[in-house]
Amino acid sequence: MMGARIGGSGSGSSPKKKAGTTDKEDTLVMDTKLNIIEILEFILNVRLDYRISCLLSIFKRESDENPSVITSDGISQGLKNKNLENIWSQAQSIFDETTQTRYIRMGLPAANHHNEGNYSTSEENTNLDLDGEGGKKFLRVLLHLTMHEYPPLVSRSLQLLFRHFSQRQEVLQNFKQVQLLVQDGDVESYKQIKEDQDDLRNLVEKSELWVYKSHSTDDDAPGGKKKKKKKDDDDDDGDSKPKKHPAPRLSAQDKQESAIDLGLGPPLEPEQADNYKRIQQILVRMNKLCVMQTSSGNLAPRRNEQRLLRNMGVHSVVLELLQIPYDKKEDKRMNELIELAHQFLQNFCLGDRANQALLHKSIDLFLNPGLLEAKTICAVFKDNSHLCGEVSERVIQHFIHCIETHGRHVQYLKFLQTIVKAEGTFLRRSQDMVMQEVSAAEDVLVFYNERASFNTFVNMMKEDRNRMDYDDSSPLRYHIELVKLLACCTEGKNASTEIKCHSLLPLDDIVAMVEHKDCIPEVKEAYINFLNHCYIDTEVEMKEIYNSHHIWSLFEKSFLVDMARVATAPPDRRHADKALESYVINSLMTIITTFFNSPFSDQSQTIQKYLDEARDFWGQPYVQQYNSEVCMTFGTASIA
């Protein structure tokens with residue numbers, strides 16, 4: 001009986017063991033087939049590179065044999081139709097695997113089927129036949145793999161299957177992205193980028209070994225320090241450590257206020273500090289590759305280098321760097337690296353629509369309350385009408401929510417300003433969405449209409465003007481940017497947004513603010529632009545501005561006074577009020593021109609007086625150099 005029980009017990013556990021063994025064997029087989037898929041993917045990549053090389057060789061041969069004609073103006077006429085026909089016929093042979101295989105099996109050379117110029121291409125291309133049957137056996141294998149019940153294998157097999165039936169489109173798409181390194185400087189840039197990219201990727205993948213961790217984090221994991229030390233030792237003994245390359249030292253300007261160079265933050269091991277330093281140097285070099293500084297002090301894109309960085313995929317490594325967890329309060333060195341990474345992404349997409357579209361795919365990484373992330377999103381959408389026109393409500397609501405929960409920061413408003421206007425075009429859809437969200441959020445709208453709040457705002461203009469430019473959380477600057485945002489939402493004649501803005505900022509409040517003796521030019525500029533787009537240059541004419549005393553009061557107490565201040569300013573340019581000059585020469589003259597060109601303006605003696613004052617102002621040689629269009633308007637104005 002006992003023996004029977006023991007035997008019964010043993011026979012009962014045997015099927016479980018066999019089932020477990022079978023599952024392991026099935027998983028092992030599937031993983032092996034996945035490795036085969038990787039090999040096939042590699043072969044297809046090699047074939048793609050070969051075909052692109054063949055196309056480049058064909059273009060070069062045709063260009064050498066039939067050089068393009070240079071006109072008398074020094075303009076190349078490019079390839080002629082005959083050249084294009086030859087290129088097309090030779091390019092067909094790159095994909096013609098089945099026909100070549102059939103002729104070779106019959107013992108005939110490929111040249112019997114193709115012309116002599118294509119012989120070398122055809123003969124070499126037969127080596128790309130995967131199975132000797134023109135890809136038929138390859139298709140049967142892929143179809144068989146798609147019928148397995150192992151999702152990773154099925155997914156990868158389907159990808160190869162789709163890729164096999166879109167070979168021409170794949171070659172064409174990749175051929176458009178080919179970038180030829182013609183000059184020696186391009187080759188050197190490529191070598192430096194490749195070396196920096198590999199080094200940066202290696203450091204990002206091993207970030208848990210060198211990024212600073214607070215003591216609380218180390219204490220939470222038992223034996224965490226020992227394991228980390230052991231892992232560091234193992235890493236030192238291996239060959240995977242990236243080689244150190246002689247990097248150019250940072251200039252004094254680059255080192256200014258650098259936490260890494262000054263050694264700020266928690267104490268680190270020498271090897272950890274060296275890793276921070278290496279990433280800093282890499283990011284500084286990448287930033288310098290993207291942009292250059294013009295004589296006027298502005299940044300201009302270096303399009304060739306931006307394209308090279310895009311084709312090499314440097315941005316993807318930088319995006320991985322931004323996702324590294326670290327102690328934001330203590331690790332000041334890492335904060336500097338994150339700032340440099342965001343600066344690179346902003347320069348990477350400066351004036352480059354392809355790079356902007358590339359970063360737009362990862363926009364969810366930037367949808368958090370960080371100000372650096374907000375600035376990067378602004379760079380992604382800046383002057384890109386396609387992206388701004390398709391911005392989702394979710395993105396707009398995110399920034400409205402950030403203002404409500406994380407404070408009134410100017411950078412949040414900057415993004416909203418960016419998406420309502422692109423490439424000189426005002427996007428009505430974006431204007432409507434932004435206006436709808438802003439008008440519904442009470443914490444976003446901050447106006448100083450009441451007497452107590454108005455006096456508070458006057459004190460801010462007296463005290464905070466000097467630090468307004470560099471203080472992102474300044475209430476004064478926030479209010480100025482808010483009024484600018486409302487003006488942007490009404491610019492371009494949008495009746496729906498104009499009506500909403502009338503209730504937010506009435507004419508009485510505009511006049512009271514602009515006429516105050518302590519009102520600074522920055523506030524005047526924002527309010528006058530709003531007045532122009534919301535009340536004068538509108539889709540539905542506002543007769544109130546022409547029939548009331550408001551505009552005439554502004555002329556008497558503000559416009560003429562500011563024009564006189566600029567006209568009688570001393571010639572010493574070192575102490576000139578450039579903000580006041582910019583306001584008078586641009587915003588002030590624009591609203592005057594718009595107002596008098598309106599059919600509702602009354603051609604009376606009063607208007608004659610103001611036009612005479614404006615003409616005298618614009619007749620001065622010093623003022624004429626700024627805005628020739630407005631000068632011409634006043635110079636040729638006819639007074640009834």
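A polar contact is taken here as a pair of N or O atoms within 3.5 Å, where within protein one atom must be able to donate a hydrogen and the other to accept it, and where residues adjacent in sequence count only if both atoms are side-chain atoms. The model shown is predicted, so that local features need pLDDT of at least 70 and side-chain atom pairs count only at pLDDT 80 or more, whereas totals for chains, interfaces and linings use all residues. Residues are numbered from 1 along each chain as its sequence is written, and side-chain values use heavy atoms, with hydrogens and water left out.

**View 1. His-148 in the loop between α5 and α6.** His-148 is found in the loop that runs between α5 (136–146) and α6 (151–164), helices here being DSSP runs of H or I with at least four residues, and strands runs of E with at least two, numbered from the N terminus. With a relative accessible area of 16%, His-148 is buried (buried means under 20% relative accessible area, exposed over 50%, and partly exposed in between, with a 1.4 Å probe and protein chains only). The side chain of His-148 is joined to that of Lys-33 by a polar contact of 2.7 Å. When residues up to four places away in sequence are not counted, His-148 touches Met-30, Lys-33, Leu-153 and Val-154, contact meaning heavy atoms within 4.5 Å.

View 2. The side chains of Arg-156 and Glu-38 meet in a salt bridge with an N to O distance of 3.9 Å, a salt bridge being a side-chain nitrogen of Lys or Arg within 4 Å of a carboxyl oxygen of Asp or Glu. This pair links distant parts of the chain, with Arg-156 in helix α6 and Glu-38 in helix α1 (residues 2–65), 118 residues apart. Arg-156 counts as partly exposed at 23% relative accessibility, and Glu-38 likewise counts as partly exposed, at 42%. Glu-38, Glu-41 and Arg-156 are linked in a network of salt bridges, and the structure as a whole holds 21 salt bridges.

View 3. Asp-274 and Arg-278 meet through their side chains in a salt bridge of 3.8 Å, N to O. Because the two residues are four residues apart in helix α14, Asp-274 and Arg-278 are separated by about one helical turn. Asp-274 is partly exposed, with a relative accessible area of 26%, whereas Arg-278 is buried, with a relative accessible area of 11%.

**View 4. A salt bridge between two loops.** The side chains of Lys-493 and Asp-537 form a salt bridge at 3.7 Å, N to O. Lys-493 lies in the loop between α25 (475–490) and α26 (495–504), and Asp-537 lies in the loop between α28 (521–536) and α29 (544–547), so the pair ties together parts that are 44 residues apart in sequence. Lys-493 is partly exposed, with a relative accessible area of 38%, and Asp-537 also counts as partly exposed, at 27% relative accessibility.

**View 5. The buried side of helix α15.** In helix α15 (residues 303–312), the buried residues are Glu-305, Gln-306, Leu-308, Leu-309 and Met-312. They cover an arc of only 160 degrees around the axis, which puts them on the same side of α15, the arc being that of the directions from the helix axis to the C-beta atoms. What covers these buried residues includes α8, α14 (270–290), β2 (299–301), α16 (314–322), α17 (332–348) and α18 (353–360). Just after α15, Gly-313 takes a positive phi of about 75 degrees.

**View 6. The crossing of α15 and α17.** The axes of α15 and α17 come within 10 Å and cross at roughly 115 degrees, where axes are lines fitted to C-alpha atoms, for helices over the stretch in contact, and angles run from 0 to 180 degrees between N-to-C directions. Gln-306, Leu-309 and Arg-310 in α15 meet Phe-344, Asn-347 and Phe-348 in α17.

**View 7. Ala-422 in strand β3.** Ala-422 is found in strand β3 (residues 421–422) and is buried, with a relative accessible area of 0%. Leaving aside neighbours within four places in sequence, Ala-422 is in contact with Asp-383, Asn-384, Ser-385, Cys-388 and Leu-427. Ala-422 and Leu-387 are 35 residues apart in sequence and 9.3 Å apart in space, C-alpha to C-alpha.
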